[in-house]
Amino acid sequence: MSGSKRKSSGDAAGTAKKCQAITMETKVKIIERVEHGEKMVGITSSYNMNCSTNNMILKNKDKIMEHVQSAVPMMSTILSKKCGKVMEKMEQLLSVWMQNQHQHRVLLSLMLIQEKAKSLYKDLKKKHGEESEGTSFKASHRWFHRFKARANLQGKAGKAARV
């Protein structure tokens, strides 16, 4: 085996399987199918996934269902890692605010979104007082791009656009 890479077992062509993001909507469908008594083998083959992926989804069922019931769009793919209740709540409120602005056809710039995020964070930090963990929040470009991916937002950052 010197110098050769190991190929995945289910891969006839010899190319490695690509990692693909699974939407919350798909995860909920998988959970519902299991709860309705469908066999794991059938679910696994219909979504072209490994059993371990489905097992991980079932293991995190409570977190997934909690995440889905929040204001986050169903097309988002990941659960955000715990970065503090204040930050989590701020991003949830910011997402709702942005959706509201979008419904009213208000164009949002990156700077406006960053200012709103800082304002929400500051208010929530004050409200939670000593409970809130973490240091200061800067609403950087990097944070915004990660937030955009977590919330499955579309649009160009930095220009006036529907984000």
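At what angle do helix α6 and helix α7 pack, and how far apart are their axes?

## Packing of α6 against α7

In this predicted model, helix α6, which spans residues 110-128, packs against helix α7, which spans residues 141-151, at an angle of about 90°, and the axes of the two helices are 11 Å apart. Because angles of 65 to 115 degrees count as roughly perpendicular, α6 and α7 are therefore described as roughly perpendicular to each other.

On the α6 side the contact is made by L110, I113, Q114 and A117, while α7 contributes H141, W143 and F144. Sorted by residue class, the residues of this contact comprise 5 nonpolar and 2 polar, with no charged residue.

## Nonpolar cores

The largest nonpolar core has 20 residues, and those with the most contacts inside it are M90, L94, M98, F137, W143 and F147. The elements that give two or more residues to this core are α5, α6 and α7.

## Q101 in helix α5

Helix α5 covers residues 85-103, and Q101 lies within this helix. Is Q101 buried or exposed? With a relative accessible area of 17%, Q101 is buried, because the buried class takes in residues under 20% relative accessible area. When its neighbours within four places in sequence are left aside, Q101 is in contact with V106 and L108.

R105 is found in the loop between α5 and α6, whereas A139 is found in the loop between α6 and α7.

Which accessibility class does each of these residues fall into? R105 has a relative accessibility of 65% and therefore counts as exposed, the exposed class being defined as over 50%. A139, by contrast, has a relative accessibility of 3% and so counts as buried.

Notes:
Residues are numbered from 1 along each chain as its sequence is written. This is a predicted model: local features need pLDDT of at least 70, side-chain atom pairs count only at pLDDT 80 or more; totals for chains, interfaces and linings use all residues. Side-chain values use heavy atoms; hydrogens and water are left out. Axes are lines fitted to C-alpha atoms, for helices over the stretch in contact, and angles run from 0 to 180 degrees between N-to-C directions. Helices (H or I, at least four residues) and strands (E, at least two) are DSSP runs, numbered from the N terminus. Angles under 35 degrees count as roughly parallel, over 145 as roughly antiparallel, 65 to 115 as roughly perpendicular and the rest as oblique. Contact means heavy atoms within 4.5 Å. Ala, Val, Leu, Ile, Met, Phe, Trp, Tyr, Cys and Pro count as nonpolar, Asp, Glu, Lys and Arg as charged, and the others, Gly among them, as polar. Buried means under 20% relative accessible area, exposed over 50%, partly exposed in between (1.4 Å probe, protein chains only). A nonpolar core is a set of buried Ala, Val, Leu, Ile, Met, Phe, Trp, Tyr and Cys residues joined through side-chain atoms within 4.5 Å.
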